[in-house]
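Trainee: I would like to go through this structure by question and answer, with the model open beside us.
Mentor: Go ahead, and keep each question to one point.

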Amino acid sequence: MPTLGFLKKKRTKDSSGSKDLDSPTSPIKETLSPITPTISKTSDPLSGTTKAGTSSSSTESTNTQDSSSTAKTSDPMTYQQSYPAQVQQRPAEPYQQSQQNVPSIRNLIHHSNTTNASSAHADSTQSSNGGAVTPGSGTAQPQLRVTKGKYSLGDFQVQRTLGTGSFGRVHLVQSKHNQRYYAVKVLKKAQVVKMKQVEHTNDERRMLQKVKHPFLITLWGTFQDSKNLYMVMDFVEGGELFSLLRKSQRFPNPVAKFYAAEVTLALDYLHSLNIIYRDLKPENLLLDRHGHLKITDFGFAKEVPDITWTLCGTPDYLAPEVVASKGYNKSVDWWSLGILIFEMLCGFTPFWDGGSPMKIYENILKGRVKYPPYIHPDAQDLLQKLITADMTKRLGNLHGGSKDVMTHPWFAEVTWDRLSKKDIDAPYVPPVRAGVGDASQFDKYPEETEAYGATGDDP
Ligand SMILES: Nc1ncnc2c1ncn2[C@@H]1O[C@H](COP(=O)(O)OP(=O)(O)O)[C@@H](O)[C@H]1O
Ligand SMILES: [Mg+2]
C-alpha cells in the first residue's frame with residue numbers, strides 16, 4: 001500500500017454523513033434540508049409529473065444572462081457599460097421574490113417529446129460552447145485560450161475568502177474596471193514548491209486555458225508576484241455542492257441524477273480532449289446562480305492520451321488502480337463519478353472510514369460496497385458498473401466510452417442535448433442575489449493577515 005505523501009489531499013470536512021443504512025429519511029432532512037422533502041415523491045422522473053414549471057422555465061431562459069454567454073464582455077479588464085446591473089440580476093428574480101429560501105425541485109427531467117418552446121430561448125452561444133454532447137464526437141484538439149489583458153493585483157479589490165485549500169485560498173474580488181465580481185485562487189509559491197506540485201500547478205493553468213464548457217469554470221487570466229500565483233476565475237455564487245449535500249444529508253434520486261448528468265457531460269467533454277480531471281468530489285462542484293454545476297479546481301487535471309502513474313486525488317474518491325500504484329487513465333474519473341453518485345444518494349462515501357486514510361485505502365482495495373436499500377435499482381446497477389475494481393470492465397472505460405454511461409437506464413429520461421444547453425431547470429436554485437458579490441452560500445474562513453502583492457525575491 002502506497003503512502004500518498006505530499007500528493008495526498010486531505011478531505012478537510014467531515015465526509016462521514018450518516019452511516020445509518022436503513023433509514024430512508026432523516027430527521028435533519030425534514031427540518032433543515034434546503035431541498036423540499038416532498039420532491040422524491042412528486043418529481044420522480046419516471047412518473048411523468050415533472051413538467052410543472054415549464055412556463056416559468058421559458059421566462060427564465062429568456063432572461064438568462066449566463067456567465068458563459070457573456071463570456072466576451074465580462075473580461076475583468078473591460079469596462080462594463082453594456083450590462084446594467086438590473087439585467088444581470090433578472091434571472092434570479094422569478095425565484096427569489098416568491099420563494100426565497102424555499103427552493104424546490106422544478107421540472108427536473110424533460111422528456112424529449114415535451115414542448116421544445118423553451119429550447120428556442122436557450123442562449124445560442126451556449127450551444128456553441130463546446131459541449132461534446134454526442135459521446136465520442138469530440139476529436140477537437142485543445143487550444144489555449146488567449147486571455148486578453150495582463151492582470152495585476154491592482155486591478156482588483158480583494159474581499160473575503162471563499163475557500164481554502166492545500167496551497168492557498170480563493171478570494172472573492174471585485175474588478176476595479178468593470179465592477180464585476182470574480183474569484184481569485186491564490187497559490188503560495190513556497191507551499192507549492194514544498195509540496196512538489198509545480199507541475200500540477202502549471203497544468204491547472206494550462207488545462208483551464210484549454211477548456212470551455214458550460215459546466216466548467218472559466219479562467220480569465222493569471223498573474224504572479226514574488227510570493228504567489230493568482231488565477232482569475234468567474235465567481236460562482238451558489239456555493240459548493242458539498243454544503244448543499246451536507247445540509248440535505250442526502251439527495252433524492254432525481255436530484256442526484258441531475259447533478260450526475262451534468263458532471264457526466266463535463267467528463268465526456270474533458271475526456272474528448274484527453275484531459276483527465278482526477279479530483280471529482282462535491283467540494284469541487286459549485287452551483288451557479290441558477291443551480292447548474294460548475295466544476296472548479298483543475299489542480300490535478302492532466303492531459304493524458306493513454307496512461308499515467310501519478311498518485312493524486314482525495315482518499316475517499318481514489319480508484320483502486322491509483323491506490324495500488326498501477327498505471328491508469330480516464331478510468332479514474334468514472335470510478336469517482338460512481339463515488340460521487342453514491343455520496344449524493346447516501347450522504348457518505350462507500351469506503352469511508354473515520355480512522356485514517358489508510359483504512360479507506362484498504363476498503364477501496366477490498367472493494368466491498370454496501371448498497372443501502374433506499375437506492376433505486378437502476379442507480380445501484382450503474383454504481384456497480386462504475387465502482388468496478390477491474391478498470392477494463394468499468395463503465396465509461398469500455399469501447400463505448402462515456403456513451404455507455406449516458407445510455408445507462410438510470411439516465412434514461414435525460415435529454416442530453418437540452419441538458420448541455422442548460423435547458424433543464426436545476427432542482428435547487430441557490431438563494432443568492434445575483435451579480436452583487438453575494439458570498440452568503442460559502443462557509444466563513446478566518447482571514448489571513450499577510451498582504452498580497454509582495455515584491456522582492458522570488459523563492
Ligand atoms: N470560481 C470560484 N467561485 C467561487 N468559489 C470558488 C471558486 N473556485 C474555488 N472556489 C472555492 O474555493 C474552494 C477551494 O478552491 P479549489 O480550487 O478547490 O482549491 P484546492 O485545490 O485547494 O482544493 C472551493 O472548494 C470553493 O469553495
Ligand atoms: Mg478543491
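Trainee: Which residue in strand 5 does Gly221 stand opposite?
Mentor: This is a predicted model, and the pairing is read from it. Strand 4 and strand 5 run antiparallel and are joined by five bridges. The residue of strand 5 that stands opposite Gly221 is Val232.

Trainee: In which order do the five strands of the open sheet lie?
Mentor: The pairing in this open sheet is antiparallel. Strand 1 and strand 4 (219–224) each pair on one side only, which makes them the edge strands. Neighbouring strands are turned against each other by 25 degrees on average, direction ignored. The order of the five strands is 1-2-3-5-4.

Trainee: What angle does the direction of helix 9 make with that of strand 4?
Mentor: Helix 9, residues 198–210, packs on the sheet. The strands touched by helix 9 are strand 3, strand 4 and strand 5. With the direction of strand 4, the direction of helix 9 makes about 150 degrees.

Trainee: How many residues does the hairpin between strand 1 and strand 2 run through?
Mentor: Strand 2 covers residues 168–175 and pairs with strand 1 in the antiparallel sense over six bridges. Within this pair, Gln157 stands opposite Gln174 in strand 2. The number of residues through which the hairpin joins strand 1 to strand 2 is three.

Trainee: Which residues come nearest to ligand 1?
Mentor: The residues around ligand 1 number 20. Strand 1 (156–164), strand 3 (181–188) and strand 5 (228–234) are the elements that give two or more residues to this shell. By class, the shell divides into nine nonpolar, six polar and five charged residues. Those that come nearest are Gly163, Gly165, Val170, Ala183 and Asp297.

Trainee: Why does Lys185 count as buried?
Mentor: The cut-off for a buried residue is 20 or more other C-beta atoms within 10 Å of its own. Leaving out residues up to four places away in sequence, Lys185 touches Gly168, Val170, Met231 and Met233. Lys185 is buried because the number of other C-beta atoms within 10 Å is 28.

Trainee: What distance separates the C-alpha atoms of Leu187 and Val170?
Mentor: Leu187 is found in strand 3 and is buried, with 25 other C-beta atoms within 10 Å. Not counting residues up to four places away in sequence, Leu187 touches Phe167, Gly168, Val192, Thr201, Asn228 and Leu229. Leu187 and Val170 are 17 residues apart along the chain, and their C-alpha atoms are separated by 8.7 Å.

Trainee: How many of the eight residues of helix 10 are buried?
Mentor: Helix 10 spans residues 241–248 and is largely enclosed by the rest of the structure. Its buried residues are Leu241, Phe242, Ser243, Leu244, Leu245 and Ser248. Just after helix 10, Gln249 takes a positive phi of about 70 degrees. Of the eight residues of helix 10, the number buried is six.

Trainee: Is Asn274 buried, partly exposed or exposed?
Mentor: Asn274 lies in the loop between helix 11 (253–272) and strand 6 (275–276). Although Asn274 is not a glycine, its phi is positive, at about 60 degrees. With 16 C-beta neighbours inside 10 Å, Asn274 counts as partly exposed.

Trainee: Where is Lys422, and what is its phi?
Mentor: Lys422 is found in the segment after helix 17 (416–420). Lys422 is buried, having 27 other C-beta atoms within 10 Å. Lys422 is not a glycine, yet its phi is positive, at about 55 degrees.

Trainee: What percentage of the residues of the chain count as buried?
Mentor: The chain has 17 helices and nine strands. Among contacts between residues at least 6 apart in sequence, 76% join residues at least 24 apart. Of the 459 residues of the chain, the share that counts as buried is 47%.

Technical notes:
Residues are numbered from 1 along each chain as its sequence is written. Chains are lettered from A and ligands numbered from 1 in the order in which they are written. This is a predicted model: local features need pLDDT of at least 70, side-chain atom pairs count only at pLDDT 80 or more; totals for chains, interfaces and linings use all residues. A residue is near a molecule or strand if its C-beta atom, placed from the backbone, lies within 6 Å of it. Helices (H or I, at least four residues) and strands (E, at least two) are DSSP runs, numbered from the N terminus. Ala, Val, Leu, Ile, Met, Phe, Trp, Tyr, Cys and Pro count as nonpolar, Asp, Glu, Lys and Arg as charged, and the others, Gly among them, as polar. A residue is buried if 20 or more other C-beta atoms lie within 10 Å of its own, exposed if 12 or fewer, and partly exposed in between; C-beta atoms are placed from the backbone. Two residues are in contact if their C-beta atoms, placed from the backbone, lie within 7 Å. Two strands pair if DSSP finds at least two bridges between them. Axes are lines fitted to C-alpha atoms, for helices over the stretch in contact, and angles run from 0 to 180 degrees between N-to-C directions.
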